[in-house]
Every structure is written in structure tokens, then in C-alpha cells.
Amino acid sequence: MKKINLRDYYPFYHSDFFIEVADQIVELFKQISRRDHADFERRRIHKAYYSLDACDGIEKDMVLLVLSPEEIYERKMSKQEVYAAINSLPEKQAKRIYAHFFLNMSKAEIARIEGVSKPAVTHSIEQGLKRIEKFLKNNS
């Protein structure tokens, strides 16, 4: 049995936390550390530095984007209109649309949590989107 400091291996520990573990665990941690270091060195030697752009929008978000006052105002107004449209919906539809589009929950997850069928959730979301579209057309 050897003592290790969990802070060395887990970044969420903010202070030292020593624990006794089996020798096999210590050896496993050493192997993982060596493998990580070898991967780092391999990338460094071969200059394998990749772009942040992996088609998920990270690079676009990282680039400093200076907006004109008109663009800032338009974005603010469009967000307010969308939130007003969602607030005009019945509570159940608004919660389902918020969960699906803002919290990235699947329709099956929403149905399981609410104890209803997936087609009911799908229908509710579709009807809510139609109401939002109608609301936005009437207010523009």
C-alpha cells in the first residue's frame, strides 16, 4: 500500500487529499501519466497543433467579433421577441420547448420525466413552434 495525493490526479480537489491505495493502482497511475506525456511529446515533435475549428463553432466564438450598435440592437430585439413568443405559449408547451431547445433534452427524456407519451410531447412542441411562428409574424 502506498500513499498518493488525489490532488495530483483529479483537478477538482483544491487541497491535498492523501489516501492509501494498492501498489497496482499506483502503477496504473504512473502508466497513464507516462502515456499522456508520450502523447504530448509526439504532438510537440510532429508539430501536430490542430485548429479549434471542428465544425462546432468554437473557433468562430473565439474570434473577436465587433458588432455595430445596429447589430447589437437587432440581436437584442430578436431575442426579446423569441422570449416574448415563448412566454405567450401555454405553460406546458413553453416548458417543453424550453427543455428541448434550450436544455438540449430529447423528446423521449421530456416524456419520461413528465410521465406522458413521446408523441404527445412531439405534438405539443410542434404546436408550440407553430404558435411562435404566428406570434413572430404578427409582431413584425
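## Nonpolar cores

In this predicted model, the largest nonpolar core has 12 residues. Its members are Ala85, Ile86, Leu89, Ala94, Ile97, Ala99, Met105, Ile110, Ala111, Val121, Ile125 and Ile132. Four helices each supply at least two residues of this core: helix 3, helix 4 (91–102), helix 5 and helix 6.

A second core is separate and has 5 residues. Ile4, Val21, Val26 and Phe29 are among them.

## Helix 3 against helix 6

Two packed helices are described by the angle between their axes and the distance between the axes. For helix 3 (residues 69–87) and helix 6 (residues 118–138), the axes come within 9 Å and cross at roughly 130°. Helix 3 is therefore oblique to helix 6. The crossing is right-handed.

On the helix 3 side, the contact uses Glu81, Val82, Ala84, Ala85 and Ile86. Helix 6 meets them with Ile132, Phe135 and Leu136. By class, the contact residues are 7 nonpolar, no polar and 1 charged.

## Lysine 107

Lysine 107 lies in helix 5, which spans residues 107–114. Its relative accessibility is 22%, so lysine 107 counts as partly exposed.

Lysine 107 touches His100, Lys118, Val121, Thr122 and Ile125, not counting residues up to four places away in sequence. Val121 and Ile125 also belong to the largest nonpolar core. Alanine 120 is 13 residues from lysine 107 in sequence, and their C-alpha atoms are 9.4 Å apart.

How values were computed:
Residues are numbered from 1 along each chain as its sequence is written. This is a predicted model: local features need pLDDT of at least 70, side-chain atom pairs count only at pLDDT 80 or more; totals for chains, interfaces and linings use all residues. Side-chain values use heavy atoms; hydrogens and water are left out. Buried means under 20% relative accessible area, exposed over 50%, partly exposed in between (1.4 Å probe, protein chains only). Contact means heavy atoms within 4.5 Å. Axes are lines fitted to C-alpha atoms, for helices over the stretch in contact, and angles run from 0 to 180 degrees between N-to-C directions. Angles under 35 degrees count as roughly parallel, over 145 as roughly antiparallel, 65 to 115 as roughly perpendicular and the rest as oblique. A crossing is left-handed if the near helix is turned anticlockwise from the far one by less than a right angle, and right-handed if clockwise. Ala, Val, Leu, Ile, Met, Phe, Trp, Tyr, Cys and Pro count as nonpolar, Asp, Glu, Lys and Arg as charged, and the others, Gly among them, as polar. A nonpolar core is a set of buried Ala, Val, Leu, Ile, Met, Phe, Trp, Tyr and Cys residues joined through side-chain atoms within 4.5 Å.
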